[in-house]
Amino acid sequence: MIDPDAPVERIALDETSWVDVSRGWLTDHDDVLGTLRDTVAWRTTKLFRYERAVEERRLSASWRRGQPLPHASLAEATRWIQNRYKVLFEGFAMVQYRDKSDGQGFHRDTDMRWLDDTIIAVLTLGAQRPWLLRPRDARFIDTGHGSTARQGTTVDLAPAAGDLLVMGGRTQADWEHSVAYLDRSRADVGIRISLQWRFARKTGEPFLGPSYRADVGYGHGKPAPRGS
């Protein structure tokens, strides 16, 4: 169920990129988490990285219109997001981070192709994890001893169970986001499931480069490694 009184705070990342944050937005998040964990057909996926297939450190699933919803509250959630942002979703993706070893590096959702005006809503269920945003054009500076560091603002929104984040504007064009991997020395944080609703308006020029999921190789005539 949606808490109709949950406030929505807009954070302006720059003049054309923003993220809305609503804490405690979904009230029955524990029930939704348990249902998705136990009933969804989770699967592993692989990416081709540096001449070999690498299993992603997370599980994935999806829902599309015409299929039974995995939980009744997700119908209300979908309607609320569509009505507020005046968009229509064909479905949503689900990702499960099983423990502290799972995560996702910095990337943009370039597979959407049209990045100038997007809406991506992310609902968190379960464990709270670092959830980072950083500007794509941040400069690297020399820190001495042959090492470099990225210079620029990194924002950690750290969504807890039931929190909703919505990225909009040019966030996918000009910013990168990540579910941070956790240090092995830290205590385990437990399962986290996120749901993502995505919409892109076909304005501006489409992204023509390789997507985050595209093959990356090194040597033997294959493309050099690139960031994600």
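**View 1. Q96, a buried residue of strand β6**. Q96 counts as buried because its relative accessibility is 7%, where buried denotes under 20% relative accessible area, exposed over 50%, and partly exposed in between (1.4 Å probe, protein chains only). The residue lies in strand β6, which spans residues 91-97; strands (E, at least two residues) and helices (H or I, at least four) are DSSP runs numbered from the N terminus. With residues up to four places away in sequence set aside, Q96 touches W42, R58, L59, D102, I191, R192 and I193, a contact being heavy atoms within 4.5 Å. The model is predicted: local features need pLDDT of at least 70 and side-chain atom pairs count only at pLDDT 80 or more, whereas totals for chains, interfaces and linings use all residues. Residues are numbered from 1 along each chain as its sequence is written, and side-chain values use heavy atoms, with hydrogens and water left out.

**View 2. The open sheet β7-β14-β9-β12**. Four strands in this order pair in antiparallel fashion; pairing requires that DSSP find at least two bridges between two strands.

**View 3. The antiparallel pair β9 and β14**. Strand β9 (residues 131-135) is joined to strand β14 (residues 175-179) by 5 bridges. Within this pair, L133 stands opposite H177 of β14.

**View 4. The protein chain as context**. The chain contains 3 helices and 15 strands, and 47% of its 228 residues are buried. Among contacts with a separation of 6 or more, 77% join residues 24 or more positions apart.
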